[in-house]
Amino acid sequence: MPNLTIQRVGHACGARVTGVDLSRPVPADVLEVLRKAWLEHLVLVFPEQKLDPDSLVAFTRHFGELDDFSSQPFNRHPDNKEVFLLSNKKKDGKVFPTYNAGQNWHTDLSYTTRPAKHTAVYCQEKPSVGGDTMFANMYLAYETLSPKMRAFLDSLEAVHDISLVAGLDQRGPEVANEFRRLNPPVVHPAVRLHPESGRKALYVNERVRNFLGLSEEESRPIVKFLCEHSVQPRFVYRHYWSLGDLVMWDNRCLVHLAVGDYDPAEIRHMIRTSGMGDYYGRYLDPEKAVAQMKTAPEGAAKVDRKAVSALHD
Ligand code: SIN
């Protein structure tokens, strides 16, 4: 690995990796270094890469099984179902439905029972200015809360609702309703133990409606406080995109925001993969939760059985 360099680019998270060509097979020893760096820095930036959908899939698959985006089939890349388009280009005369995706602080697919492990975004076209992506370190967000607040949050579960995705309704009633039909509200612990680092991270973001056992009225100020607390500048890295950047991040301990501060007449076109995370939540609706428990694979059923019986206590 004579040319590989990994340099921090942010205080809270983020490192820039050079000296590796991701369009070619990456040797096992380099992958090992990259995996460790990713767990340490949470966001890795690989500048000046020349990737297409297939090479993006080939590289990011090293970090785990990829999502085939069956929960959002209309946003897939036409040539590869494991690639998702983040684009404001026109398709069939209409602007692409993800033109405004990710414009509130969130972690990918937290409104599902299997939120994304990692996300990798490759920049193919970008506006002349703006269109950045910001990341906030949720380990730090959790660790800097008072012990009493941490203990309170440790006991809470949060309802994640796709209706709170910013700009969902602007994508048109057909898209918004299909999103809601495919993704009913789910429940996740408010604090998540990262399976690889063993650290706790806050798992509350702007797509949380309320905490179980607390009303929406009671939950709202707590959600607001946590969202504001977690995205303070001291916890944030802001990525200014260049063409050819691949940025890969860990959704289990970060939230991110696509900053909508660019001229919509200019093209922003990214291709993305998402790693399938652990089965991690259950449907809010008890009937759906029970059905999920019956059909879920063994690893998931163990988690869900406990959660579902708690729900009926
Ligand atoms: C997202 O995955 O939320 C979108 C990120 C971006 O387009 O910057």
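Me: Is strand β9 mostly covered or mostly open, and how many of its residues are buried?

Reply: Mostly covered: five of the five residues in β9 are buried. Keep in mind that this is a predicted model. To call a residue buried, look for a relative accessible area under 20%.

Me: Which residues of β9 sit on which side?

Reply: Start with the general idea. In a regular strand the side chains alternate between the two faces of the sheet. In this structure, Thr133, Phe135 and Asn137 are on one side of β9, with Met134 and Ala136 on the other.

Me: Okay, and which strands does β9 pair with, and through how many bridges?

Reply: General idea again: strands of a sheet pair through backbone hydrogen bonds, either parallel or antiparallel. Here, β9 (residues 133-137) is joined to β17 by five bridges, and the two run antiparallel. Then there's β15 (residues 236-239), joined to β9 by four bridges, also running antiparallel.

Me: Which residues stand opposite each other there?

Reply: Take Thr133: its bridge partner in β17 is Ala258, and in β15 it stands opposite His239. Further along, Ala136 stands opposite Val255 of β17.

Me: Why is β17 described as largely enclosed?

Reply: Count its buried residues. In β17 (residues 254-258), five of the five are buried, so the strand is largely enclosed by the rest of the structure. You can check each face too: Leu254, His256 and Ala258 are on one side, Val255 and Leu257 on the other, and all are buried.

Me: Which side chains have a polar atom at a listed distance from a ligand oxygen?

Reply: A polar side-chain atom of His256 lies 2.9 Å from an oxygen atom of the ligand. For Arg268, an N or O atom in the side chain is 2.8 Å from a ligand oxygen. Arg272 also has a side-chain N or O atom 2.8 Å from an oxygen atom of the ligand. As for cover, the ligand on its own has 260 Å² of accessible area, and the protein covers 98% of that.

Me: What is the strand order in the open sheet of four strands?

Reply: Read it across: β14-β10-β11-β19, with antiparallel pairing. The edge strands are β14 (208-211) and β19 (282-283), each of which pairs on one side only. Inside that order, β10 (residues 157-160) and β11 (residues 186-189) pair over four bridges.

Me: Which residues have the most contacts inside the largest nonpolar core?

Reply: Those are Phe211 and Leu226, in a core of 46 residues. Leaving out residues up to four places away in sequence, Phe211 touches Leu156, Glu157, Ala158, Ala190, Val204, Ser219, Ile222, Val223 and Leu226. A second, separate core has 27 residues, including Leu4, Val20, Phe59 and Phe63.

Me: Where is Thr273, and is it buried or exposed?

Reply: Thr273 is in strand β18 (residues 269-276). Its relative accessible area is 0%, so it counts as buried. Its side chain makes a polar contact of 2.9 Å with the side chain of Thr60. Beyond its neighbours within four places in sequence, Thr273 is in contact with several residues, among them Leu56, Val57, Phe69 and His118.

Me: Last one: what are the phi values of Glu48 and Leu109?

Reply: Phi of Glu48 is near 55°, a positive value in a residue other than glycine. Leu109 isn't a glycine either, yet its phi is positive, at about 60°.

Note on methods. Residues numbered from 1 in each chain as written. Predicted model: local features only at pLDDT ≥ 70, side-chain atom pairs only at ≥ 80, totals over all residues. Heavy atoms only, no water. Core = buried A, V, L, I, M, F, W, Y, C linked by side-chain atoms within 4.5 Å. Buried < 20%, exposed > 50% of the residue type's maximum accessible area, 1.4 Å probe, protein only. Contact = heavy atoms within 4.5 Å. Pairing = 2+ DSSP bridges. Polar contact = N/O pair within 3.5 Å; in protein donor to acceptor, adjacent residues only side chain to side chain. Areas by Shrake-Rupley, 256 points an atom, 1.4 Å probe, with all protein chains shown as cover.
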